[in-house]
Amino acid sequence: MAQVAPHLLPDFDRDRAASTERARTEVSAVPMRAFAEAWAIEVAIARHPERAGRLHALETRASLATNLEEARRITAEIARIRHDAAAEAGLRTAGPVPW
């Protein structure tokens with residue numbers, strides 16, 4: 001069986017454990033639902049190496065942005081990638097990114 005982004009497994013396990021502990025402490029399913037939705041998006045991104053590469057390149061550029069307009073353009077593209085991944089994962093979203 002093929003794996004999608006096995007390098008993300010340590011992060012997945014860490015987030016799962018933290019969400020489970022939070023859910024127990026809060027006696028709430030909300031942390032587990034948030035965990036599942038966040039990771040559904042990460043997997044949807046990782047399933048497309050070119051999209052994952054573009055996202056990582058944009059994140060690097062965002063950390064180096066020197067002006068507000070550049071930062072806004074980068075942030076808008078990051079938001080579009082994550083929005084598209086959420087839709088692919090079957091998550092309801094508020095609609096297309098307005099930028």
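Helices H2 and H3 pack with their axes 6 Å apart and at an angle of about 110°; axes here are lines fitted to C-alpha atoms, for helices over the stretch in contact, and angles run from 0 to 180 degrees between N-to-C directions. The two helices are therefore roughly perpendicular to each other, given that angles of 65 to 115 degrees count as roughly perpendicular, under 35 as roughly parallel, over 145 as roughly antiparallel and the rest as oblique. Ala 44, Ile 45 and Ala 46 of H2 make this contact with Pro 49, Arg 51, Ala 52 and Leu 55 of H3, where contact means heavy atoms within 4.5 Å. By class, the residues of the contact of H2 with H3 divide into 6 nonpolar, no polar and 1 charged; Ala, Val, Leu, Ile, Met, Phe, Trp, Tyr, Cys and Pro count as nonpolar, Asp, Glu, Lys and Arg as charged, and the others, Gly among them, as polar.

The model is predicted, with local features requiring pLDDT of at least 70 and side-chain atom pairs pLDDT 80 or more, while totals for chains, interfaces and linings use all residues. Residues are numbered from 1 along each chain as its sequence is written, and side-chain values use heavy atoms, leaving out hydrogens and water. Helices (H or I, at least four residues) are DSSP runs numbered from the N terminus.

The contact of H1 with H2 has 6 nonpolar, 2 polar and 5 charged residues. On the H2 side, Pro 31, Met 32, Phe 35 and Trp 39 take part.

The largest nonpolar core has 11 residues in all, including Ile 41, Leu 55 and Ile 78; such a core is a set of buried Ala, Val, Leu, Ile, Met, Phe, Trp, Tyr and Cys residues joined through side-chain atoms within 4.5 Å. H2, H3 (49-64) and H4 each give two or more residues to this core, and the largest share, 5 residues, comes from H4.

Glu 88 lies in H4 (residues 68-88) and is partly exposed, with a relative accessible area of 36% (buried is under 20%, exposed over 50%, partly exposed in between, with a 1.4 Å probe and protein chains only). Leaving aside neighbours within four places in sequence, Glu 88 is in contact with Ala 44, Arg 47, His 48 and Arg 51. The C-alpha atoms of Glu 88 and Ala 44 are separated by 6.7 Å, although the residues are 44 apart along the chain.
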